[in-house]
Amino acid sequence: MTSESSDLLAPLDLAFWSIESAEHPMHLGALGVFTADSPSAAAHAAELLAARAAAVPGLRLRIRQVLLPLGGAARHPAPGFNPLDHVRLAAPVRDFHAVAGALMQRPLDRDRPPWEAHVLPAADGGSFAVLFKFHHALADGLRALTLAAAVMDPAARAQATAAPAAHPAARPPWWRALDPRGLPGLAAAAPGRAASTVLSAVGDVGRALGIGASVARATWGTRSTAALTSRPTGTRRTAGVLLDLDDVHRVRKTAGGTVNDVLIAVVAGALRRWLDERGDGSAGVAPRALIPVSRRRPRTAQPQGNRLSGYLIRLPVDDPAPLARLDAVRAAMDRNKDAGPTRGAGAVALLADHVPPLGHRVGGRAVAHAARLLFDVLVTSVPLPSLGLTLGGCPLAEVYPFAPLAHGQALAVAVSTYRGHVHYGLVADAAAVPDLERLAACLRAELAGLVAACDDRTSLIRGPRAT
C-alpha cells in the first residue's frame with residue numbers, strides 16, 4: 001500500500017473522528033513563536049508553508065466514510081487539494097494566545113484534509129507565530145509534530161532528523177522512526193501466522209477485561225473538584241508558560257525521579273495553588289490525571305494516526321508539601337511503568353480496538369460523555385528535537401503544544417521541552433476557566449517552590465557552615 005492509497009482508520013482514530021461535535025472539537029495544536037528577521041517574515045512564512053504542504057502526502061488526505069466495514073472511515077487523497085485552503089495569514093495581532101484560543105475553538109472542516117496552519121504576525125513586527133491544528137483522527141501529538149516539521153526549513157529539518165543526540169530524551173523515537181515525507185501503510189499478516197493470531201486475540205480479550213476492571217476500580221472513592229468540570233460551551237482559551245529546564249533538572253537530581261515526574265508534580269502543585277487562590281479549596285482534592293503514552297516503535301515503519309495508551313494517576317493536590325507531592329507522583333508513575341502501558345485503567349484507549357466500526361459511529365457521543373467519569377484532567381508530554389528549527393530562516397523560539405479537551409472537562413495540559421526550556425501549553429473552556437493566566441502563573445510559582453524546597457533539603461543535609 002502506498003502513501004497515496006486509501007487507508008482505513010484504526011479503531012482509536014475512528015473513535016476520535018466519531019465523538020467530535022461543534023462544542024467538542026477533537027483537534028490538537030501547537031503554537032510556534034518565531035523571531036522575525038524582517039517586516040515581511042510572516043507573509044514569507046505563509047507562502048513557504050503553502051508551497052511545502054503540497055509536497056507532504058499526509059497533508060493531502062481527507063477522511064471519508066466507507067461502505068465496508070460498516071460504519072468505518074478511511075483516509076483518501078483529496079482531489080484538487082489546495083494548500084491555500086489550509087494556510088491562512090492573519091492581520092497583525094498583539095496577543096498570540098488570545099487569537100490562538102479563538103482559533104482552537106473552531107472545528108476543522110471535515111470535508112477537507114483536517115488540518116490548518118494560521119500565521120500570526122506580531123503587531124510590533126519582531127516576531128510571528130504559527131498555530132498548527134491537526135485532527136486527532138489524522139495524528140497523535142508525535143505524528144502531528146512530525147507533519148509540522150515536514151514544512152520547516154530543509155536544512156534544520158535534516159539536522160533534526162539525522163543528527164545524533166547525546167541523551168535519549170533529546171532524541172525521541174518518533175523523530176527517527178517516522179518519515180515526514182509520507183505515511184506508510186500496514187503490511188498484511190502472513191497466512192501461516194493464523195494460529196498465533198487467534199491466540200493473540202484470546203489474550204487481547206483477557207487484557208480488555210483487565211483494563212475494564214481497572215477502570216471500574218479507578219472510579220471508586222474519587223475526589224475531584226468542580227473547577228475541572230464544565231458543561232461544554234465550545235469556547236476555548238489558551239495560555240503558555242516558559243520555564244527553565246535547568247531548574248527541572250535541579251529538582252530531579254535532588255529529589256529523584258524523572259523529568260516527566262517533576263513536570264507532572266509541577267501541575268499538581270499549580271492546581272493546588274490555583275484552587276486555593278480562587279477560593280475553591282484544595283483540601284481532599286486528588287483528581288485523576290490521564291498521562292498518554294506513545295506505543296510507536298523506534299526504527300520501524302508505522303502507520304499514521306494514533307498509537308496511544310496511557311497511565312492514570314491521582315494528582316496529590318491535597319498534599320501541602322512540594323517534595324511530598326513529587327514523591328507521590330514518582331511512586332504512582334513507577335507503579336504504572338511496572339504494569340506497562342497495556343494494563344491498568346490508563347490503557348482505556350486500547351479498548352477501542354475491541355469495538356466494531358459501527359459501534360464507534362453509533363456510540364461515539366456516549367463514549368465522549370463517559371470521559372469525565374474516567375479521568376479529570378489530561379496531562380500529556382510531547383518531545384521535540386533538541387536542535388533548533390527554522391521557518392524562512394527565522395528561528396523557532398517557543399512552542400506550546402495544545403491538547404483537545406475531553407467532553408465535560410475544563411482543562412487540558414500539554415508540555416514539551418525545547419532548547420533548554422519547558423513549554424507548557426494550557427487549553428481551557430473559556431467560560432469555565434476565565435482565569436487561565438492565573439493557573440499559568442501558578443505553574444511558574446510551583447517550580448520555584450520546588451527549587452526552594454530542594455535547596456532547603458540540600459542545606460539540611462550539608463549542615464551549617466563553620467565560621
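Q: What should I know before starting?
A: The model is predicted, so local features need pLDDT of at least 70 and side-chain atom pairs count only at pLDDT 80 or more, while totals for chains, interfaces and linings use all residues. Residues are numbered from 1 along each chain as its sequence is written, and side-chain values use heavy atoms, with hydrogens and water left out.

Q: At what angle do helix H9 and helix H10 pack?
A: Two packed helices are described by the angle between their axes and the distance between the axes. Here H9 (residues 259-277) and H10 (residues 322-339) pack at about 130 degrees, with axes 9 Å apart. That makes H9 oblique to H10 (angles under 35 degrees are roughly parallel, over 145 roughly antiparallel, 65 to 115 roughly perpendicular, the rest oblique).

Q: Which residues of H9 meet H10?
A: Contact means heavy atoms within 4.5 Å. Among the H9 residues are Asn260, Ile264 and Arg272, and the H10 side includes Leu326 and Met333.

Q: How many residues has the largest nonpolar core?
A: A nonpolar core is a set of buried Ala, Val, Leu, Ile, Met, Phe, Trp, Tyr and Cys residues joined through side-chain atoms within 4.5 Å; buried means under 20% relative accessible area, with a 1.4 Å probe and protein chains only, exposed over 50%, and partly exposed in between. The largest has 54 residues, with Trp274 and Tyr424 among those with the most contacts inside it. H9 gives the most to this core, eleven residues.

Q: Is Thr380 buried or exposed?
A: Thr380, in strand S11 (residues 377-381), counts as buried because its relative accessibility is 13%.

Methods:
Axes fitted to C-alpha atoms, helices over the stretch in contact; angles between N-to-C directions. Helix = DSSP H or I, 4+ residues; strand = E, 2+ residues; numbered from the N terminus.
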